[in-house]
Amino acid sequence: EEKKDKEEKAHEKRINKLDKKITKLTKGKSTDTKKSFLNVETSQVKNKLKRKEIIMKQKKERKKKLKVERIKRQKIRAEQGEEAMPIAPQKTIDNTREADDTFIQQEDEEVMKEDEMDEFSKYFKEEVTPKLLITTCRRPCKKLFDFLKEITDAIPETYYYPRKNYKIKEIIEWSKTRDFTDVLVFGHHRNKPSSLIVSHLPEGPTATFKVTSAKLNKFIHNHGNPTDHDPQLILNNFDTRLGHRVGRMLAALFPQKPQFEGRNVVTFHNQRDYIFFRHHRYIFNEQGTRADLQEIGPRFTLKLMSMQHGTFDTRFGQYEFIWKPDMQISRRKFFLQLIQKKK
Amino acid sequence: GSQSLSMRVLTGDHTGLLKVVTVEKKCVEKKFGVQAPERDVEALCWGPGNNQSVVVAALKNGTVEVWDVENERVVREYQGLEGSVRGLEAVGDTTASVLVTCTDRGTLEFRNPEGVVTERVTVPAPVSRFRLDPFNSLRCALGGQENDLSVWDVEKKEKVFQAKNLPNDRLRLRPPVWITDLRFVPRDPNRIVVGTGYKQVRVYDMKAQRRPILNLEVGEHPIQSLVVAHDGLTYITGDSVGRVALVDARKGQVLGSLSGFGGSVRCLTMHPTLDRVASASVDRYVRVHTLDTRKMLAKIYLKGHLNHVLFFDDAEEQEGQEESVPQETEKEEGRTRANVEDAAGAVWGTLPEIGGGKKNKRQKIDDPSNEDDEKAQGKNARRTRGKEKA
């Protein structure tokens, strides 16, 4: 009972405090009176100094107004409980995204049928197993080699060939004859891996990515070592039509059926159009309720720069998507991901 | 222009679906076709005599289907075309019609409604684009990669015009030729505009010369589609990156561009009467722009890679802004070169002449006693100016 009294007293004290705050803030000048600076049209004030002064005062008033409203809300919450004035979810760039028409609904027949006949359909029907050819730009640096070594460990069925002076088109023609399914070309800039071209064969699309934040295995704390088990794949947030296509392309780099005894997972997590690549080994705890993770293999970020129909052909290829700075991209517009809707 | 959007558009995509879309509501009114990889829609055209209740679609597997738009069913089907269809036109009217198809191998075929090939002509291959002259259906033009523009008389099966390549460049290399799209220019039966895979827009005048009268480089990527505005003064080109440029026909310069495209623009069409452009692009959107303000009126997401777009000829006008066809043509006539010059001539004609400009010159050359005369002329000039003011 004493406890209850104490609680009630504390509660009352809190409400009183809030009341006092409100009265203090709203004492005297209110925004409805003529004296309020918010009513002044600053564009009519010709004197620069005076105009600046008025703008500052307007800012202060606006801030105060918001503060008063906030405290009033707190008061209502304190008096009547949480449900009377629920706290709105925080607005982030992710959840105030511009709506995108190309969001894929759950059972969109057209999309499903198109998937059945697109360039990756053979892979998904298990008629083709992936076989990747990895190479670099001309004259690669040592760090790029180290990075590639780790990639060849992370992704099964990859074959590295030195680039020498071949043109990418020549490489693609050659790989088609040797039954490769994808050609990956990594490029570097200032000793860091910086670009990736993925060209699906025989006539599949070509995606160019910008590679950033590449971190080697040895620089990751408590890293594990890769084995040659086929990993499981996680593809997160590839919601839009373009995202869906990119997701399929990335999935087609890995064997369809993972080897679960290897317990390793490759994750492509798309957030705000940046795709994060992570490679982990997991182990379930004894109760089977939680999986502990150990990171293996490299860590890097991809950003889609262009998606082109057909194999690599920058001169005559037709582009499905090309990132141009003059697309007037707003901070809330993304091409691969959509609003995370609450279920 | 008016902002009426009650327009409809018909699109064909790479999976074989044909969709009728209402631009204003941005919704798909009708959808027909079966999705299959060999049913890539390569060409679309309206029924014979511009009959918009019927649409003809040529597919990748060598069939041509004639669809009834209202009832969404196939009325006729023709098979056996070999190669990709690069030109599809339906000529005639509902009683007697001919279906003209041209494949990339250079097989030009004329079919009667029963599907029997009445005539077959071999034209130079490979063909990237074949079009009938919309103002004179007895003439057609075609071109392709390393196959320069040639214009044929359909009746006599003769070549009427063969374009000649540009002279060798400064390294004495032959400039490559790759025609990707071509159009006949309205109001000038001798002009053809061509878009090439080497980013060029070329204009040919068949009466003037065999080489292009204009060769302009537009953008940095191959031109995928081309359309001419109704007044014949602006060409609109779409390239493989989504840059849609407006080219001034008279100046031979790029005026500007239409914005908002995300991928290769495979097909551009003009609305039959209004100054509206519809575009179908590989980024799965159909866009409609107005030419006068260059604004995008609508952008509609249609799930497949779009290959082709056709405009329906219906546009309900808003009140008080009638733009029916006859008035439109009057307006456009107001903009043609001849009319402008006439108007200009009329204006110049009303201005009074300032005394003796030509006389002055003659006197300068012949007479040594120029100075006095010049002064006199100057006085005269001042006097006439005074008269004008009065």
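Visitor: How many cavities of 30 Å³ or more does the rule count?
Guide: This is a predicted model, in which local features need pLDDT of at least 70, side-chain atom pairs count only at pLDDT 80 or more, and totals for chains, interfaces and linings use all residues. Residues are numbered from 1 along each chain as its sequence is written, chains are lettered from A and ligands numbered from 1 in the order in which they are written, and side-chain values use heavy atoms, leaving out hydrogens and water. A cavity is a set of points, on a 1 Å grid over the protein atoms alone, where a 1.4 Å probe fits but cannot get out, with points joined across faces, edges and corners. For cavities of 30 Å³ or more, the count by this rule is 2.

Visitor: What is the volume of the largest cavity?
Guide: A volume is the space filled by probe spheres set on the grid points. For the largest cavity it is about 80 Å³.

Visitor: Which strands each supply at least two residues of the lining of the largest cavity?
Guide: Lining residues have an atom within 4 Å of a point; there are 13 of them here, and Ile155(A), Leu184(A), Leu196(A), Leu253(A) and Phe300(A) are the closest to the centre. The lining has 13 nonpolar, no polar and no charged residues, where Ala, Val, Leu, Ile, Met, Phe, Trp, Tyr, Cys and Pro count as nonpolar, Asp, Glu, Lys and Arg as charged, and the others, Gly among them, as polar. Strands (E, at least two residues) and helices (H or I, at least four) are DSSP runs numbered from the N terminus. In chain A, those that each supply at least two lining residues are β3 (182–189), β4 (192–200) and β9 (291–308).

Visitor: Which elements give two or more residues to the lining of the second largest cavity?
Guide: This cavity, with a volume of about 50 Å³, is lined by residues including Leu108(B), Phe110(B), Trp152(B) and Asp153(B). By class, its lining has 6 nonpolar, no polar and 2 charged residues. The elements of chain B that give two or more residues to this lining are β10 (107–111) and β14 (147–153).

Visitor: Are α1(A) and α2(A) roughly parallel or roughly antiparallel?
Guide: Helix α1 (residues 2–26) and helix α2 (residues 48–80) of chain A have axes that come within 10 Å and cross at roughly 160°. Angles under 35 degrees count as roughly parallel and those over 145 as roughly antiparallel. The two helices α1(A) and α2(A) are therefore roughly antiparallel.

Visitor: Which residues of α7(A) make the contact with α3(A)?
Guide: Helix α3 (residues 109–117) and helix α7 (residues 241–251) of chain A have axes that come within 13 Å and cross at roughly 30°, and are therefore roughly parallel. In this contact (heavy atoms within 4.5 Å), α3(A) contributes Val111(A), Glu114(A) and Asp115(A), and α7(A) contributes Arg241(A), His244(A) and Arg248(A).

Visitor: Which residue does a cis peptide bond join to Ala125(B)?
Guide: The loop between β11 (117–122) and β12 (129–132) of chain B holds Pro126(B). With omega at about -15°, the cis peptide bond joins Ala125(B) to Pro126(B).

Visitor: What is the phi of Arg139(A)?
Guide: Arg139(A) lies in the loop between β1 (132–136) and α5 (142–154) of chain A. Although Arg139(A) is not a glycine, its phi is positive, at about 55°.

Methods. Axes fitted to C-alpha atoms, helices over the stretch in contact; angles between N-to-C directions. Parallel < 35°, antiparallel > 145°, perpendicular 65-115°, else oblique. 1 Å grid on protein atoms, 1.4 Å probe; cavity = no way out; pocket = protein on both sides within 12 Å on 5 of 7 lines; lining within 4 Å.
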